Amino acid sequence: MNLKRTAVAAAVLSAVVLSGCSSTGSDGGSAAASCAPAEGKVDLSFTSWIPGIEEVVDVWNKENPDIQVKVQTGPNGNSGTYQNFFNQLKAGNAPDLGQIEYDALPNFRVQNGLMDLGACDEVMAAKDDFVDWTWGQVSLGESDSVYAVPQDSGPMAMFYRADLFEQNGIAIPTTWAEYKEAAKQVRATGAYITNFSQGDINQFAGLVWQAGGSWFKNDGSDWTVDLTDPASKQVADYWQDLIDEDLVSTVPTWTTEWDNAYNSSAAWTWNSAVWGANSIASGAPDTAGKWAVAKAPQWKAGDSAAGNWGGSSTAVFTGSEHPYEAAKFALWLNTSDEALTMLNKSANIYPATKEGLNLPVLKEGVDFYGGQPIYDVFAEASSEVSEDFAWGPTMTQTYNDVSDGFKAAVSGNGTLLDALTKGQSATIDALKAQSIPVKE
Amino acid sequence: MTAILSTGRGPQESRLSRAGALIVMLVFTLYFLIPIWWLFIASTKSSSQFSNTAPLWFADFNLFENVGQLVAYRDGVYLKWMLNSVLYAGLGALLGTLFAAMCGYALAKYRFPGRDLIFNVVLGGVLVPATALALPLFLIFSQVGLTNTFWAVFLPSLVSPFGVYLTRIFAASSVPEELLEASRLDGAGEVRTFFTISVRLMFPALVTVFLFQFVAIWNNFFLPLIMLRDEALFPVTLGLYSWNSQVNQIPELRLYVLVGAFLSIIPLVITFLLLQRFWRSGLGAGAVK
C-alpha cells in the first residue's frame, strides 16, 4: 500500500523533472561563440567561494562603471556549488562566471557547460602571462581553445621542523630515498616523519604529478585512464612501504587529531602545497618559528620536479550573453597586481601568473617559518611543475573510489596499488555510464 | 509505608529491573547531552587551546570574546543569517500551521466528494522526503524566476502534510459535532466558528504542528543550498555549512562555525521550553481519546 503511494509520488516527481528539463535544456553546446563587446552597460553575475572576494569585485565595479559584476558566494565547489552550477545550467539560469577548480573543469567541459574563450583575442594573448602548466589545466589539451582563466596554483614543497631535525642531527632529505632513511631515524625518537593522507587523494595525485605520471589523457575524442602508470605505481609502492614499516602515521587529515600531531611535534614534515603554510600555522600554533620550507624530495638526486595540489580558475558558462566582458573581468581578477594582492591577503590565494609570483607580499619573510621568505621556494617549485598532468571528467567518483581503497589499505586490507587499480576500472565504468568515449 | 506505596502503584518492579532502566536512561541521556556539552566547551576556548586541551573540560573562558568576534566577522553576516532563520522558521511555521489546521479541519468535519482522495494524497506527501523535492522545485522556481529569493525557501516551508494529518485526527476527536451545530444555530458563519471555537479546541495539536514545522524549517538545509546564491538570504544552517567548507583555506573559520553552531541551537531550546507544556498536554489528550 505504502509502496504503491511512493511509486505514484515518484512517477509524478519524475514527470515534473522531465518537463522542467525539456522546456529549457539543450540550448548549450555551441560553445565557440563570437567574443565581441556589447553596447552600453553590462551586468554580470559571478559565483565564487573565496572569502573576501566581495571587496575585490568592489574595486572592479568602481573602476568599470559599464561592466558591473554582482558576486555571490557559498560553500566550496565540491560541497555543493558545482552541483548548483549543473542545476543552473540545466535550468538555463547559470551565472556568467564561476570559480571552478582545475580538477573539475573537464567535467564541466564534457557537459558543455563552459564557453570556449579561444575566440577572445585578449584571453589568448594573455597565455604567456600565466605559469605554463596552469594554461595546460584550462586549455584541456586543445591548442586553439581555452575554457577558463587560471586563478591560483598549489605548487608543492616540503614543510619541516627545522629545530627537531637539527637537534637530532638528522640531515634534511633531498631525495625520496633519503626521506625514507630520515623516516627511520625520526621513528627511533618516537615521532613520525609525516602523516599519510588516507582520505584526501589530492596530495597523492600531487606526488604522482611530481613523479611524472598523468592519470588522464584526452586526444580530442577519446579519454584514456591511467591510474596505474609506472609513476603512480612507484609512488604507491613507496608509501605502501612506509605504511607497512610503520614509518608514517595515518590519522585522517584536517581533523583536530591531525592538527594535534603537528602541534605536539609528533609529526615532523608535511609534503604540501603553498596554501598549506597557513594550515600548519593555524593548526599548530605552539610550534611557531620552528618550521622551514625546502624543495620537495626528488626521485633522482639532482632532479628538480615539483607536484601541484589544488588551484582553481574562473570560467565563463555557456549561456552567458556577454562573454567578452566576462572574459575581461576574469583576466583583471587573475592578472592585475591589485586584485592578486587583495586575494592573497584575504584568502592566501597564490597567483597563477608569472608576474604574480613576484608580488611584494610574496617576497617577505614569514615569522611562523623563522622569518624565511618561504614563497621563493614555491615560486621555484611552480616553474618545475609538469605540464602533462590532466584530470578526468568524473573526478568526484574517482576520488571516492580511490580513497575508499586507501582507507582499506591503511587498515591492512589490500595495498595502495590495489586501490588505484580498482579506481581505474571504476572510473572507466563511470565514463562509459555517461557515454563518454574511453580507450582501454 | 513502602508497602502502601507499592500496592497503590500497580505491579511492583524488582530492584534489578529498576536499576536496569535507570542505567539505560542514563546512558542515553549522556549520549544526547555530551555532544551539546562538547559544543559548549569548544565555543568557550580560544582557537589555540581548542586542539590541545581536554575536549570535555574548560580551558580559559573565552566565550564572550568568541561571540564578539563571530558577530563582528564580515559586518555581522552571522546575525543576518540568524534573523533569516527566525523569519523562515517562525513565519513559515505559523502560516504552515494555520493552513494545515484549516485543511485538516475541513477534511475531518465536512463531507464532500474526493475527500478521501485528497487525504490519501496528503498522506502520500508525508512519505516523500523534502530532499527529493528540492531539485524539481528548483527547476520549477527557475521558470518563474523565483530562485535566489526569500520566497524560494519560504513558500515550500508553508506545506506540512504531517500537520494536515495530525490536525485531521485531532479535529475529528476533539471538536464535537454538537458544538458546531450549536454555533451554526446561533448564526455564526463557518469561518467564525473555525477561528473562535475549533481553533481553541485544537490548540494543543496546533502547538505540536507548529513545533514540528519550526524545527523542520530551522534544520532545513538542502532546499536553501539548492535555491539560494545570495549570502544575505542564507539561513544559519547554510551559512555555517559554507564557512565550514572553507576551513582548510581560512582556519579561523573553525572557531566561528563552532560558536555559531552553539548559538544557533539556543532559539530551538527556547521554543521548546516555552511550548513544552502545551506539547505534553497535546500528546496526552490525543492519546486518551
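Me: How many residues of chain A are in contact with chain B?
Reply: This is a predicted model, in which local features need pLDDT of at least 70 and side-chain atom pairs count only at pLDDT 80 or more, while totals for chains, interfaces and linings use all residues. Residues are numbered from 1 along each chain as its sequence is written, chains are lettered from A and ligands numbered from 1 in the order in which they are written, and side-chain values use heavy atoms, with hydrogens and water left out. Contact means heavy atoms within 4.5 Å. On the chain B side 36 residues take part, and on the chain A side the number is 41.

Me: What is the mean pLDDT of chain A?
Reply: pLDDT is the predictor's confidence in each residue, on a scale from 0 to 100. In chain A, 92% of residues reach 70 or more. The mean for chain A is 90.

Me: Where in chain A does pLDDT stay under 50?
Reply: The stretch still makes contacts in the model: 30 of them lie beyond four places in sequence.

Me: What area do chain A and chain B bury between them?
Reply: The size of an interface is often given as the accessible area lost when the parts come together. Here buried area uses a 1.4 Å probe and is summed over both parts. Carbon and sulfur atoms carry 53% of it. The total for chain A and chain B is about 3,300 Å².

Me: How many residue pairs are in polar contact between chain A and chain B?
Reply: A polar contact is a pair of N or O atoms within 3.5 Å; within protein, one must be able to donate a hydrogen and the other to accept it, and residues adjacent in sequence count only if both atoms are side-chain atoms. Both residues must also be at pLDDT 80 or more. Between chain A and chain B the count is nine.

Me: Which element gives the most residues to the side of chain A that touches chain B?
Reply: Helices (H or I, at least four residues) and strands (E, at least two) are DSSP runs, numbered from the N terminus. Elements giving two or more residues to this side include strand E2 (67–72), helix H3 (81–91) and helix H1 (2–24) of chain A. With eleven residues, the top contributor is H1(A).

Me: How many salt bridges cross the interface of chain A and chain B?
Reply: Side chains of opposite charge can pair when their charged atoms come close. The rule asks for a side-chain nitrogen of Lys or Arg within 4 Å of a carboxyl oxygen of Asp or Glu. Over all chains the search finds 19 salt bridges. Across the interface of chain A and chain B it finds three.

Me: Which residue of chain A forms a salt bridge with Asp230(B)?
Reply: Asp230(B) sits in the loop between helix H13 (222–227) and helix H14 (236–244) of chain B, and its partner is in strand E2 of chain A. Buried means under 20% relative accessible area, exposed over 50%, and partly exposed in between (1.4 Å probe, protein chains only). The closest N and O atoms are 4.0 Å apart, and the partner is Lys70(A).

Me: How far apart are the closest N and O atoms of Glu54(A) and Arg74(B)?
Reply: These two residues form a salt bridge. Salt bridges with shared partners join them and Glu231(B) into one network. The N to O distance for Glu54(A) and Arg74(B) is 2.9 Å.

Me: Is Arg161(A) buried or exposed?
Reply: Arg161(A) lies in strand E5 (residues 156–161) of chain A. Its contacts beyond four places in sequence include Tyr262(A), Trp268(A) and Trp291(A). It also meets Asp163(A) in a salt bridge of 3.0 Å. Its relative accessible area is 2%, so Arg161(A) is buried.

Me: How many residues apart are Lys295(A) and Glu380(A)?
Reply: The two form a salt bridge, with the closest N and O atoms 3.5 Å apart. Lys295(A) is in the loop between strand E9 (291–294) and strand E10 (312–316), and Glu380(A) is in helix H15 (residues 375–382). The separation is 85 residues.

Me: What is the phi of Leu140(A)?
Reply: Most residues other than glycine have a negative phi. Leu140(A) is in the loop between helix H6 (132–139) and strand E4 (149–150) of chain A. It is not a glycine, yet its phi is positive, about 50°.

Terms used
Buried area = accessible area lost by both parts, 1.4 Å probe.
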